[in-house]
Amino acid sequence: MEEQHRRALRRGRARLVAALRVEPLWDPLERRGIFTRTMLEELQGAGSRADQARQLIIDLETRGKQAFPAFLSILRDTGQGDLADMLVQECESPPAAPQLLDLRPVELELRGEKQHKNVTLPERLSIPVQAESEKPRTPVPAQGSAVDKKSRDLVYELKADPCGHCLILNNVTFSRDSHLSTRVGSDLDCEKLERRFKALHFDVLARRDLKAQEMVLELQKLARRDHSALDCCIVVILSHGCQTSHIQFPGGVYGTDGKPIPIEKIVNYFNGSNCPSLRGKPKLFFIQACGGEQKDRGFIVDCDSPRDETPGASLESDATPFRAPSGNVDEPDATACLPTPSDILVSYSTFPGFVSWREATGSWYVETLDSVLERYARSEDLLNMLVRVANAVSAKGSYKQIPGCFNFLRKKFYFMCD
């Protein structure tokens, strides 16, 4: 879909959600080939009319160049021409001037290692950076150490063995119609993470080459399980990905049929409302997929860091939009409770909008994540380890890549180690 059409849908979303009559739209949307019957059934199950309208507008951005003009035509055919005219006006309106972001640099240092370089990164990157005032600090292992109660209250407690389920969705071979390449090296990524999370006391299930709807069913199946006796849950997705519009979590991943699933939809299956038995427990998502199609050549820094690049190595990317529930009503509540999206961490292999690189031996992100977990899981919390992953991956290759995360954990997370 063209950017001006996406922009019109986003600008007009509030009015569409308030006024759109969705019931007359289903059949013509299917006849025009904009949505399949399965997709429409999922939209119809989104909740109230407003919820269905909101999800329809978000999903419409993923349905190709012809989706917008077809939607305008369907609106007029169903007596909703005023909404079609509103969208046309939004298309003709100039884009809003970009907001200035606060990009004050913050110095990133890794303690306990030789300082090859000091790299300044934008403060708004979703990469956990420990403040200088907090260093040095003795790690607080989740198991087997005597710490005061206050410190224990700031650490997720892992007592169960296995401590939780880990689902790995590994898409390697895609349908010809999807125009997506085979992800050489992804099986090696899957094997590494399967071994690693089993060693960290997770019950691991790996599934290979699933269509989008099959991925959704696996995720829903996991979210509906009873996690009451467990302490954590992990979802790993290895696939091609894309950039999408979003409210909470950016990006989407593709099923082998070339249909995208927004990361936000995946995460929300496991939030406090939809998965009650995981309330208050950490839910970790690791996404090896492109966030978009931009290729980053990087910038020159004055440092002596080694170039980690294999001569003649064949680089491939996982590149090839995003949906989110909304709710902007902030009402007071006298009941003690937790925010719906709390205790969630989504770790991305690359910054939103950029390519994520992979070789025949596996992806940069997974290879580094596995190595860091092997070396530091016994002594460091997850956020500190993800800083190490970001630092190591950012030093690789002639093209650049930097992992990051959206962190909504309330406490420090330490893996259970032997």
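Biologist: How many aromatic pairs does the structure hold?

Modeller: The model is a predicted one, and the pairs counted in it are of Phe, Tyr and Trp rings whose centres lie within 6.5 Å. On that basis, the number of aromatic pairs that the structure holds is nine.

Biologist: Is the pair of F197 and F202 stacked or edge-to-face?

Modeller: The ring centres of F197 and F202 are 6.1 Å apart, and their planes stand at 80°. Planes under 30 degrees apart would count as stacked, whereas those over 60 have the other label. Because the angle is 80°, the pair of F197 and F202 is edge-to-face.

Biologist: Which residues form one aromatic cluster with F197 and F202?

Modeller: Both F197 and F202 are buried. The cluster that holds these two rings also takes in three further names, which are F286, F413 and F415.

Biologist: What is the order of the strands in the open sheet of six strands, and which strands stand at its edges?

Modeller: The sheet has mixed pairing and the order 4-3-5-9-11-14. Each edge strand has a single partner strand, so one side of it is left without a neighbour in the sheet; the two edge strands are strand 4 (202-208) and strand 14 (404-408).

Biologist: In which sense do strand 3 and strand 4 pair, and which residue of strand 4 is the bridge partner of G164?

Modeller: Strand 3, residues 164-170, pairs with strand 4 over seven bridges, in the parallel sense. In strand 4, the bridge partner of G164 is F202.

Biologist: What angle does the direction of helix 10 make with that of strand 3?

Modeller: Helix 10 (residues 212-224) packs on the sheet, where it touches strand 3, strand 4 and strand 5 (232-238). Between the directions of helix 10 and strand 3, the angle is about 180°.

Note on methods:
Residues numbered from 1 in each chain as written. Predicted model: local features only at pLDDT ≥ 70, side-chain atom pairs only at ≥ 80, totals over all residues. Heavy atoms only, no water. Pairing = 2+ DSSP bridges. Helix = DSSP H or I, 4+ residues; strand = E, 2+ residues; numbered from the N terminus. Contact = heavy atoms within 4.5 Å. Axes fitted to C-alpha atoms, helices over the stretch in contact; angles between N-to-C directions. Phe/Tyr/Trp six-rings, centres within 6.5 Å; stacked < 30°, edge-to-face > 60°. Buried < 20%, exposed > 50% of the residue type's maximum accessible area, 1.4 Å probe, protein only.
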